[in-house]
Amino acid sequence: MRVHNLGSLERAIMEVLWDSSRPTLVRELQEALNCGAAKPLAYTTVQTVAERLVKKGLLSRTPEGKAFRYSACRTRDEHVTAVMLEALAGTSDRAPVLSCFAQSVDLDDALRLLEELARRTAGHKPVGGPGWVPPPAPEPSRPASEAGDGRRP
């Protein structure tokens, strides 16, 4: 599925639906979007944008009486992942992009990414290649009784 760039109202609708625990009527979307808004959105505006999102494959709709309930076709995490993968696919040489990304994320995110990559690649042979450095092996954990307090006897 092609990932689409989202306009500000499309993004706002997606956010409401991602945060919702159930499929949502246009009226409910409109109320959520207009909450605290300086300029309220018309029902037809919200409905038109929701229908565009259906055509883009980002929303699904189910009939309820004369109206429809809308829900996101994938989670926020799945959507963001698809956006990142599409951006990566747009370059012929991924190594510099991946390197730049790895250097740009904050340390906690880098560590989380390393953990996920280690879990995914466990038992696989390294690919290698220019500039490839294997990840550090995790330190074996020692029981507290063996670790000591760092003082010499």
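Which residues does E10 touch, not counting residues up to four places away in sequence? The legends below take this and other close-up views in turn.

The model is predicted: local features need pLDDT of at least 70, side-chain atom pairs count only at pLDDT 80 or more, and totals for chains, interfaces and linings use all residues. Residues are numbered from 1 along each chain as its sequence is written, and side-chain values use heavy atoms, with hydrogens and water left out.

**Figure 1. The whole protein.** The secondary structure comes to seven helices and three strands. Helices (H or I, at least four residues) and strands (E, at least two) are DSSP runs, numbered from the N terminus. Along the sequence they follow the pattern α-β-α-α-β-β-α-α-α-α. The protein has 153 residues, and 18% of them count as buried. Buried means under 20% relative accessible area, exposed means over 50%, and partly exposed lies in between (1.4 Å probe, protein chains only). The accessible surface comes to about 11800 Å², and 56% of this belongs to carbon and sulfur atoms. Accessible areas come from the Shrake-Rupley method with a 1.4 Å probe; for residues, only the protein chains shown count as cover. Among contacts with a separation of 6 or more, 50% are between residues 24 or more positions apart. Contact means heavy atoms within 4.5 Å.

**Figure 2. E10 and its contacts.** E10 has its place in helix α1. With a relative accessible area of 11%, E10 is buried. Leaving out residues up to four places away in sequence, E10 touches N5, V49, R52, L53 and K56.

**Figure 3. G7 in the segment before α1.** G7 is found in the segment before α1, the helix of residues 8-19. G7 is partly exposed, because its relative accessible area is 31%. G7 and V49 are 42 residues apart along the chain, and their C-alpha atoms are separated by 9.7 Å.

**Figure 4. Y70 in strand β3.** Strand β3 covers residues 67-72 and holds Y70. Is Y70 buried or exposed? Y70 counts as buried, because its relative accessibility is 1%. Leaving out residues up to four places away in sequence, Y70 touches L17, P23, T24, V26, A50, E51, V54, L59, S60 and R61. Y70 and L25 are 45 residues apart in sequence, and the distance in space is 6.3 Å, C-alpha to C-alpha.

**Figure 5. R61 over the ring of F68.** R61 lies over the face of F68, at 3.9 Å from the ring centre. A charge sits over a ring if NZ of Lys or CZ of Arg is within 6 Å of the ring centre and within 35 degrees of the ring normal. How many aromatic pairs does a search of the whole structure find? The search finds zero aromatic pairs. Rings of Phe, Tyr and Trp (its six-membered ring) pair if their centres lie within 6.5 Å; planes under 30 degrees apart count as stacked, over 60 as edge-to-face and the rest as tilted.

Figure 6. Side chains of opposite charge can pair when their charged atoms come close. A salt bridge is a side-chain nitrogen of Lys or Arg within 4 Å of a carboxyl oxygen of Asp or Glu. The whole structure has 11 salt bridges. In one of them, E15 pairs with R76, with the closest N and O atoms 2.7 Å apart. This pair links distant parts of the chain, since E15 is in helix α1 and R76 is in helix α4, 61 residues apart. R76 also forms a salt bridge with D19, the closest N and O atoms being 2.8 Å apart. R76 lies in helix α4 and D19 in helix α1, so this pair ties together parts that are 57 residues apart in sequence. E15 is partly exposed at 23% relative accessible area, R76 is partly exposed at 27%, and D19 counts as exposed at 58%.

**Figure 7. R119 and E116 in helix α6.** R119 forms a salt bridge with E116, and the closest N and O atoms are 2.8 Å apart. R119 and E116 are separated by about one helical turn, because they are three residues apart in helix α6. R119 is exposed, with a relative accessible area of 54%, whereas E116 is partly exposed, at 45%.

**Figure 8. A nonpolar surface patch.** V80, M84, F101, L113 and L117 make a nonpolar surface patch of about 400 Å². Patches are made of residues with over 30% relative accessible area and no salt bridge: like charges are joined within 9 Å, nonpolar side chains (Val, Leu, Ile, Met, Phe, Trp, Tyr) within 5 Å. Helices α4 (76-89) and α6 (107-121) each supply at least two residues of the patch. M84 is found in helix α4 and is partly exposed, with a relative accessible area of 44%.
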